[in-house]
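Please keep the sequence and the coordinates at hand while reading.

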Amino acid sequence: MVAEGRRELSADEKYEERFKAWMSPANVQFASAEAEKAYKERVQLIKDAVELKKPRRIPVCPNIGFFPANYAGITAQEAMYDYQKLGMAWKKYHEDFQPDCLASCLLATPGRVFDILDYRLYRWPGHGTPPNTPYQCVEGEYMLEDEYDALIRDPSAYWMRCYLPRVFGALEGWKNLAPLTDLVEMAFAGAFMVPIGMPEVQRSFEALLEAGRAAVEWIQAAGAIDAEVMGTYGVPSLIGGFSKAPFDTLGDTLRGTKGIMLDVYRRPGKLLKAMEKLVPIMVEMGVRTATMAGHPMVFIPLHKGADGFLSRNDFAKFYWPTLKEVLLGLTAEGLVPLVFVEGSYNQRLDFLADPDLPQGRIVWMFDQTDMVKVKEVLGGGACFAGNVPVALLKAGTPSEVHAYVRDLIEKVGQDGGFILTTGGVVDEAEPDNFRAMIEAGKEYGA
Amino acid sequence: MAGTIETLVEAIVGMREKEALENAQALLDAGVDPLQLIEASRRAVEEIGERFEKGEYFLPELMLAGEMVKRISEMVKDRITSESPEKRLGKVVIGTVKGDIHDIGKNIVSFLLDANGFEVVDLGVDVPAERFVEAVRELEPQVVGMSCLLTLAYEPMKETVRALEEAGLRERVKIMIGGAATDDRIRAYTGADAWGKDAAAAVSLARGWVGG
């Protein structure tokens, strides 16, 4: 069916539009003409790498967690609660290291919002972990094994009535709510409202309102920090939106590792059906969040399909097909999936070179996968990034880091389509080692 | 149709859960010594551990094996009158270090060590150095295993090794570390004796030290 009047843009046209928006960010005021120029040049470096060209120099984009806090001498707890300290630390990181990409302080997340909601899926500094550790997920079976049918029937209702009351203490009352789809006739609507009058549900909405106010306070402060950093240092963010592989959506925080691994044997049909159901939801999340950010890249961290987790056969059957559908759904919208391949993928790299995926429209970021093999398998087809080990940044010496970066660039970075990044998310590193990585990246990547 | 102890082992190893549990129940009902079922589970898990080490089995198989064995133990629990003291290769105290609450990797290592004949004392997650020290003093293990997922656990690992030194216990144990963010460099940094890339490596290390 032809859409009314306007021709739908092609995936490539959408892609160009999205990069145009990223090149001229609406929310950033540049401090100087140089900063603006540096910003645009950096976006171009990344665009060239995505398109498998040889950029003017290799972009150096470390994957940053709480390192700026550690470096500046504040705790992770302070970064999550005190936005002034957050700003001081994240600005200092960019000032001192001059990376090519923004380390977004949004990733520190707002502790107060989660305090109010009593988020039970995580522990965070001062709330179950020591002040200086990052937040951590509490493994568990938050979706029970007999709930697949409910999830498949109506994921949103399942989330609202089953999952959220378990992971947010403040929303426990939501188990009493009726699905929103009950609201179809006046005669039904009165009954729908009744549970909302229950004291525990009333309290849940009060908590939600308070959490919303805290979230606005946070985004105003933290968003301004990011915008100021981008405008001052001319660094674009590498991440626009986010999404997940359906297997991980289920396995990370619904069924848990043990739950989903047992499901592979005990209820494979339902598992596959649930993942199919999640595909359009994961695509929509990526499209919406990236569009809101005015940015082409969608960050997707991969977890439970790595070497050692699943056999090749199970990877082919359970993990890859729905991930591939998500990737295709995103690229069709002109987006660039930025896929963080955690752990190692040495035994399944060939899947990533799937000929159905569009060339020059995906970035694969590697952790412990053999980068020489990565280049052999993906080179010329997709941009890849990697992989200075966080262990090296913590316990190595600057000259070792320097040598690692030089070797990496010599082996895999000579033909374009490459971004230098860290293997894992950096929470802790020796500053001299970190500096050595940035300097070596800029020196050998030129 | 009642199977035999051999078919029970095969069903467990072959990941045929329903068959394994029915087989076990039938054997029990036919009056087979419950200890033989326990022995069958042990043999099956040992084989599963070997397949994991060879890269033929992965997490779904380990998790399912754990479930099958747990159910069989529950089945025979009431019928076992006397505990037969099991001969163990050696003792391993294991835990995820302070500040880190990840337990999947540690649990897999515990499971495989147990399957390979070690007595495993699992201290859980977020284990402070003092608890490791206490456990080593009281339980006298030959091996201590420290697990972590986060880079911020490097310091607690180092502190734990130091605490064992200060308590005069360092020479009595071999210490191995493992987890996604570890490597040999971190091994040296923390002062541990060895580093294992995966759960299979942890088993070889423990075997090497205890001479099993």
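Thr421(A) counts as buried, at 2% relative accessibility; buried means under 20% relative accessible area, exposed over 50% and partly exposed in between, with a 1.4 Å probe and protein chains only. The model is predicted, so local features need pLDDT of at least 70 and side-chain atom pairs count only at pLDDT 80 or more, while totals for chains, interfaces and linings use all residues. Residues are numbered from 1 along each chain as its sequence is written, chains are lettered from A and ligands numbered from 1 in the order in which they are written, and side-chain values use heavy atoms, with hydrogens and water left out.

Thr421(A) has its place in strand 9 (residues 418-422) of chain A. Here helices (H or I, at least four residues) and strands (E, at least two) are DSSP runs, numbered from the N terminus. Leaving aside neighbours within four places in sequence, the residues in contact with Thr421(A) include Cys61(A), Met365(A) and Val388(A), contact meaning heavy atoms within 4.5 Å. A polar atom of the Thr421(A) side chain lies 2.7 Å from the backbone oxygen of Cys61(A).

Strand 7 of chain A is joined by 4 bridges to strand 6 (residues 336-341) of chain A, and the two run parallel; two strands pair if DSSP finds at least two bridges between them. Within this pairing, Val339(A) has Trp364(A) of strand 7 as its bridge partner.

Strand 1 (residues 122-125) of chain A runs parallel to strand 2 of chain A, and 2 bridges join them. Pro125(A) has Thr129(A) of strand 2 as its bridge partner.

Attention now turns to a helix. Helix 8 (residues 155-167) of chain A has 13 residues, yet its end C-alpha atoms are only 16 Å apart, short of the 18 Å that a straight helix would reach at 1.5 Å a residue; the expected span is 1.5 Å times one less than the number of residues. Helix 8 of chain A bends by about 30° at Arg161(A), and Pro165(A) follows within four residues. The bend is the angle between axes fitted to the seven residues ending at a residue and the seven starting there. Buried residues of helix 8 of chain A include Tyr158(A), Met160(A) and Leu164(A), and its buried residues pack against helix 7, helix 11 and helix 13 (268-293) of chain A.

The whole structure holds 50 salt bridges over all chains, a salt bridge being a side-chain nitrogen of Lys or Arg within 4 Å of a carboxyl oxygen of Asp or Glu. One of them joins Arg255(A) and Glu141(A), at 2.6 Å from N to O. Arg255(A) lies in the loop between helix 11 (246-253) and helix 12 (256-266) of chain A and Glu141(A) in the loop between strand 3 (136-137) and helix 7 (148-153) of chain A, so the pair ties together parts that are 114 residues apart in sequence. Arg255(A) is buried, with a relative accessible area of 2%, whereas Glu141(A) is partly exposed at 43%. Both belong to a network of salt bridges that also links Glu145(A), Asp263(A) and Arg267(A).

Within helix 2 (residues 33-50) of chain A, Glu41(A) and Lys37(A) are 4 residues apart, about one turn of the helix. Their side chains meet in a salt bridge of 3.3 Å, N to O. Glu41(A) is partly exposed at 33%, and Lys37(A) is exposed at 54%. Helix 2 of chain A also contains Lys47(A), which is buried with a relative accessible area of 11%.

Notes: Polar contact = N/O pair within 3.5 Å; in protein donor to acceptor, adjacent residues only side chain to side chain.
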